[in-house]
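Reader: I'd like to go through this model with you, starting with its pockets. Could you take my questions as they come?

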Amino acid sequence: MNGLLKLDRLDISILAHLQKDGRISNVNLAEAVGLSPSPCLQRVKRLEAAGFIGGYEASLNLAKITESVSVFTEVTLNGHRREDFQRFEHCLSQTDELMECHLITGGYDYLLRFLTRSIEHYQEVIEGLLDENIGIGKYFSYIVIKSPILKKSVPLYSLLEKSE
């Protein structure tokens with residue numbers, strides 16, 4: 001955790017409320033966490049300045065906007081030098097359809113999640129990455145059929161619990 005700012009129970013409560021409703025008014029937030037509005041606003045500003053709050057965004061209902069396909073992709077690189085990973089990650093950072101990129105342990109190097117218009121669009125994206133010659137040795141694609149559980153907020157209280 002950040003050594004510059006120690007989070008207390010009020011900070012954690014503020015963070016938990018803000019991640020559930022980033023548009024909550026300061027008055028309602030203050031009431032929810034048991035503070036008066038002025039100290040609550042000061043805490044929020046301090047949490048923002050310290051980087052605990054990275055921003056505020058709208059959660060879109062993509063199904064109401066357009067059809068899409070989510071694809072998980074396992075990637076194994078040909079080389080395993082630092083430069084190989086850096087080149088691969090740099091190219092992927094320029095790929096709009098890439099939603100997540102995880103360097104992992106196990107039988108392959110990266111787990112990626114793409115969001116595309118269609119399976120054909122995904123294939124175009126993957127073929128474009130292969131054409132970039134960024135060291136992809138092999139890849140396996142898994143098309144998401146259904147996502148019965150999707151959580152947007154982190155289980156803050158569970159993650160901060162100390163096991164005794």
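Reader: Which strand gives the largest share of the lining of the largest pocket?

Author: In this predicted model, the largest share of that lining, three residues, comes from strand 1. Helices (H or I, at least four residues) and strands (E, at least two) are DSSP runs, numbered from the N terminus. A pocket is an open set of points on a 1 Å grid over the protein atoms alone, where a 1.4 Å probe fits, with protein on both sides within 12 Å along at least five of seven lines, and lining residues have an atom within 4 Å of a point.

Reader: How many residues line the largest pocket, and which lie nearest its centre?

Author: The lining is made of 23 residues, and Leu62, Arg113, Leu115, Leu150 and Lys152 are those nearest the centre. Helix 4 (62-65), strand 1, strand 2 and strand 3 are the elements that give two or more residues to the lining. The space in the largest pocket is about 950 Å³, where a volume is the space filled by probe spheres set on the grid points, which are joined across faces, edges and corners.

Reader: Before I go on, what are the ground rules for numbering and confidence?

Author: Residues are numbered from 1 along each chain as its sequence is written, and side-chain values use heavy atoms, with hydrogens and water left out. As this is a predicted model, local features need pLDDT of at least 70 and side-chain atom pairs count only at pLDDT 80 or more, whereas totals for chains, interfaces and linings use all residues.

Reader: Back to strand 1, then: is Ser70 buried or exposed?

Author: Ser70, which lies in strand 1, is buried, with a relative accessible area of 15%; buried means under 20%, exposed over 50%, and partly exposed in between, using a 1.4 Å probe and protein chains only. Leaving aside residues up to four places away in sequence, Ser70 touches Arg113, Phe114, Leu115, Tyr142, Ile143 and Val144, a contact being heavy atoms within 4.5 Å.

Reader: Which residues of helix 5 are buried?

Author: In helix 5, Asp84, Phe85, Phe88, Cys91 and Leu92 are buried. Seen down the helix axis, these buried residues fall within an arc of 135°, so they line one face of helix 5; the arc is that of the directions from the helix axis to the C-beta atoms. They pack against strand 1 (69-77), strand 2 (98-103), strand 3 (110-116), helix 6 (119-131) and strand 4 (136-143), while the face turned away from the buried side carries the exposed residues Arg82, His90 and Ser93.

Reader: And what about helix 2, which residues are buried there?

Author: Leu29, Ala30 and Val33 are buried in helix 2 (residues 26-33), and they fall within an arc of 100° seen down its axis, so they line one face of the helix. Those buried residues pack against helix 1 and helix 3 (37-49), whereas Val27 and Glu31 are exposed on the other side of helix 2. Just after helix 2, Gly34 takes a positive phi of about 80°.

Reader: Which residue other than glycine has a positive phi?

Author: Asn133 has a phi near 55°, and this residue lies in the loop between helix 6 and strand 4. At 62% relative accessibility, Asn133 counts as exposed. For context, most residues other than glycine have a negative phi.
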